[in-house]
Amino acid sequence: MEMEIDHYVVLGLSSGEEGRKLTDVEIGKAFRRKALELHPDKRRDDPNANSNFLRLKLSYEVLKDEKTRKQFDDLLRVKRKMMSDLEEKEYAFFARDSMNKDLEEEEARFAKKLKEEMVRIRRDSCRNTGNFFRVRKNARNRRYEFNKMYVFESE
(Lines give C-alpha, C1' and ligand atoms only; values in the text may rest on other atoms or scores of the structure.)
Protein backbone atom coordinates (compact mmCIF):
# COMPACT_ATOMS: atom_id res chain seq x y z
CA MET A 1 0.00 0.00 0.00
CA GLU A 2 1.59 3.28 -1.15
CA MET A 3 1.44 6.12 1.34
CA GLU A 4 1.17 8.96 -1.20
CA ILE A 5 -1.88 7.65 -3.07
CA ASP A 6 -5.36 8.69 -2.00
CA HIS A 7 -7.27 5.64 -3.17
CA TYR A 8 -10.60 7.45 -3.09
CA VAL A 9 -9.32 10.11 -5.48
CA VAL A 10 -7.91 7.46 -7.83
CA LEU A 11 -11.41 5.99 -8.10
CA GLY A 12 -12.91 9.45 -8.55
CA LEU A 13 -14.67 9.40 -5.17
CA SER A 14 -14.86 11.87 -2.31
CA SER A 15 -12.10 11.48 0.21
CA GLY A 16 -12.17 11.88 3.99
CA GLU A 17 -15.37 11.57 6.02
CA GLU A 18 -17.54 11.27 2.89
CA GLY A 19 -15.31 8.50 1.53
CA ARG A 20 -15.56 6.59 4.77
CA LYS A 21 -19.36 6.50 4.44
CA LEU A 22 -19.31 5.00 0.92
CA THR A 23 -20.69 1.49 0.48
CA ASP A 24 -19.02 -1.40 -1.32
CA VAL A 25 -21.59 -1.06 -4.12
CA GLU A 26 -20.66 2.60 -4.72
CA ILE A 27 -16.95 1.75 -4.70
CA GLY A 28 -17.54 -1.09 -7.19
CA LYS A 29 -19.50 1.21 -9.53
CA ALA A 30 -16.77 3.84 -9.36
CA PHE A 31 -14.13 1.18 -10.14
CA ARG A 32 -16.01 -0.15 -13.17
CA ARG A 33 -16.63 3.36 -14.50
CA LYS A 34 -12.94 4.30 -14.13
CA ALA A 35 -11.77 0.90 -15.47
CA LEU A 36 -13.67 1.50 -18.71
CA GLU A 37 -12.02 4.88 -18.98
CA LEU A 38 -8.43 3.85 -18.05
CA HIS A 39 -8.20 0.34 -19.54
CA PRO A 40 -5.00 -0.06 -21.62
CA ASP A 41 -6.97 -1.48 -24.57
CA LYS A 42 -8.92 1.79 -24.80
CA ARG A 43 -5.81 3.96 -24.46
CA ARG A 44 -3.30 2.36 -26.79
CA ASP A 45 -1.33 5.56 -27.45
CA ASP A 46 -0.88 6.38 -23.72
CA PRO A 47 2.45 4.96 -22.45
CA ASN A 48 1.25 5.23 -18.81
CA ALA A 49 -2.06 3.45 -19.42
CA ASN A 50 -0.89 0.16 -17.92
CA SER A 51 0.54 1.74 -14.75
CA ASN A 52 -2.57 3.93 -14.33
CA PHE A 53 -4.80 0.89 -14.64
CA LEU A 54 -2.69 -1.04 -12.12
CA ARG A 55 -2.92 1.91 -9.71
CA LEU A 56 -6.71 1.88 -10.18
CA LYS A 57 -6.81 -1.84 -9.51
CA LEU A 58 -4.66 -1.45 -6.38
CA SER A 59 -6.95 1.29 -5.09
CA TYR A 60 -9.99 -0.88 -5.66
CA GLU A 61 -8.35 -3.82 -3.85
CA VAL A 62 -7.53 -1.58 -0.87
CA LEU A 63 -11.02 -0.11 -0.64
CA LYS A 64 -13.00 -3.30 -1.20
CA ASP A 65 -11.28 -5.14 1.67
CA GLU A 66 -12.90 -3.95 4.92
CA LYS A 67 -9.81 -4.29 7.13
CA THR A 68 -7.45 -2.62 4.66
CA ARG A 69 -9.94 0.15 4.01
CA LYS A 70 -10.22 0.88 7.73
CA GLN A 71 -6.43 1.05 8.02
CA PHE A 72 -6.27 3.36 5.03
CA ASP A 73 -9.01 5.59 6.48
CA ASP A 74 -7.14 5.78 9.79
CA LEU A 75 -3.90 6.60 7.98
CA LEU A 76 -5.64 9.30 5.94
CA ARG A 77 -7.21 10.81 9.07
CA VAL A 78 -3.86 10.89 10.90
CA LYS A 79 -2.12 12.38 7.87
CA ARG A 80 -4.75 15.14 7.56
CA LYS A 81 -4.54 15.84 11.29
CA MET A 82 -0.76 16.16 11.05
CA MET A 83 -1.09 18.50 8.07
CA SER A 84 -3.64 20.68 9.83
CA ASP A 85 -1.44 20.81 12.95
CA LEU A 86 1.53 21.78 10.80
CA GLU A 87 -0.51 24.50 9.09
CA GLU A 88 -1.61 25.85 12.47
CA LYS A 89 2.00 25.94 13.70
CA GLU A 90 3.14 27.69 10.52
CA TYR A 91 0.32 30.22 10.84
CA ALA A 92 1.20 30.86 14.48
CA PHE A 93 4.89 31.26 13.61
CA PHE A 94 4.27 33.72 10.78
CA ALA A 95 1.67 35.61 12.81
CA ARG A 96 4.19 35.91 15.66
CA ASP A 97 6.85 36.99 13.16
CA SER A 98 4.63 39.73 11.75
CA MET A 99 3.71 40.77 15.30
CA ASN A 100 7.43 41.09 16.10
CA LYS A 101 7.90 43.27 13.02
CA ASP A 102 5.03 45.50 14.15
CA LEU A 103 6.56 45.78 17.61
CA GLU A 104 9.97 46.59 16.15
CA GLU A 105 8.47 49.30 13.94
CA GLU A 106 6.59 50.76 16.89
CA GLU A 107 9.73 50.69 19.01
CA ALA A 108 11.66 52.46 16.23
CA ARG A 109 8.95 55.14 16.04
CA PHE A 110 9.07 55.69 19.80
CA ALA A 111 12.87 55.77 19.76
CA LYS A 112 12.78 58.40 17.02
CA LYS A 113 10.25 60.51 18.96
CA LEU A 114 12.33 60.13 22.13
CA LYS A 115 15.47 61.22 20.34
CA GLU A 116 13.71 64.25 18.85
CA GLU A 117 12.37 65.18 22.28
CA MET A 118 15.82 64.81 23.82
CA VAL A 119 17.32 67.06 21.15
CA ARG A 120 14.62 69.64 21.87
CA ILE A 121 15.25 69.43 25.63
CA ARG A 122 19.00 69.69 25.07
CA ARG A 123 18.52 72.74 22.87
CA ASP A 124 16.17 74.41 25.37
CA SER A 125 18.43 73.53 28.29
CA CYS A 126 21.44 74.95 26.51
CA ARG A 127 19.62 78.24 25.85
CA ASN A 128 18.39 78.63 29.41
CA THR A 129 21.25 77.46 31.59
CA GLY A 130 24.40 77.35 29.51
CA ASN A 131 24.67 73.59 30.00
CA PHE A 132 22.86 70.59 28.56
CA PHE A 133 22.62 66.85 28.84
CA ARG A 134 24.13 64.44 26.39
CA VAL A 135 22.15 61.25 25.89
CA ARG A 136 23.79 57.97 24.98
CA LYS A 137 22.50 54.45 24.80
CA ASN A 138 24.49 52.09 26.99
CA ALA A 139 25.56 49.07 24.93
CA ARG A 140 25.63 46.69 27.90
CA ASN A 141 22.21 47.25 29.44
CA ARG A 142 20.60 48.97 26.41
CA ARG A 143 19.39 51.91 28.51
CA TYR A 144 19.73 55.59 27.84
CA GLU A 145 22.16 57.53 30.04
CA PHE A 146 22.11 61.28 30.56
CA ASN A 147 25.41 63.07 31.10
CA LYS A 148 25.44 66.72 32.14
CA MET A 149 27.63 68.79 29.84
CA TYR A 150 28.47 72.45 29.58
CA VAL A 151 28.26 74.50 26.44
CA PHE A 152 32.01 74.82 26.05
CA GLU A 153 32.74 71.16 26.67
CA SER A 154 33.36 68.92 23.65
CA GLU A 155 31.64 65.65 23.12
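A helix here is a DSSP run of type H or I with at least four residues, numbered from the N terminus. Keep that in mind. One more thing: this is a predicted model.

Let's start with helix H3. H3 covers residues 24–38, which is 15 residues. From first C-alpha to last, H3 reaches 20 Å.

Now, which residues of H3 are buried? They are Ile-27, Gly-28, Ala-30, Phe-31, Ala-35 and Leu-38. Look down the axis of H3. The buried residues fall within an arc of 165 degrees, so they line one face of the helix. On the other side, Val-25, Lys-29, Arg-33 and Leu-36 are exposed. An α-helix has 3.6 residues a turn, so residues three or four places apart point the same way.

Next, the aromatic rings. How many aromatic pairs does a search of the whole structure find? It finds 2.

Take Tyr-8 and Phe-72. Their ring centres are 5.8 Å apart, and their planes sit at 45 degrees, so the pair is tilted. Tyr-8 is in helix H1, residues 7–10, and Phe-72 is in helix H5, residues 66–129. So this pair ties together parts that are 64 residues apart in sequence. Tyr-8 is buried, at 0% relative accessible area. Phe-72 is buried as well, at 1%.

The other pair is Phe-31 with Tyr-60, and this one is stacked. Centre to centre, the distance is 4.2 Å, with 15 degrees between the planes. Phe-31 belongs to H3, and Tyr-60 to helix H4, residues 49–64. The two are 29 residues apart, so the pair links distant parts of the chain. Both Phe-31 and Tyr-60 are buried.

Notes. Residues numbered from 1 in each chain as written. Predicted model: local features only at pLDDT ≥ 70, side-chain atom pairs only at ≥ 80, totals over all residues. Heavy atoms only, no water. Expected span 1.5 Å × (residues − 1). Buried < 20%, exposed > 50% of the residue type's maximum accessible area, 1.4 Å probe, protein only. Arc of directions from axis to C-beta. Phe/Tyr/Trp six-rings, centres within 6.5 Å; stacked < 30°, edge-to-face > 60°.
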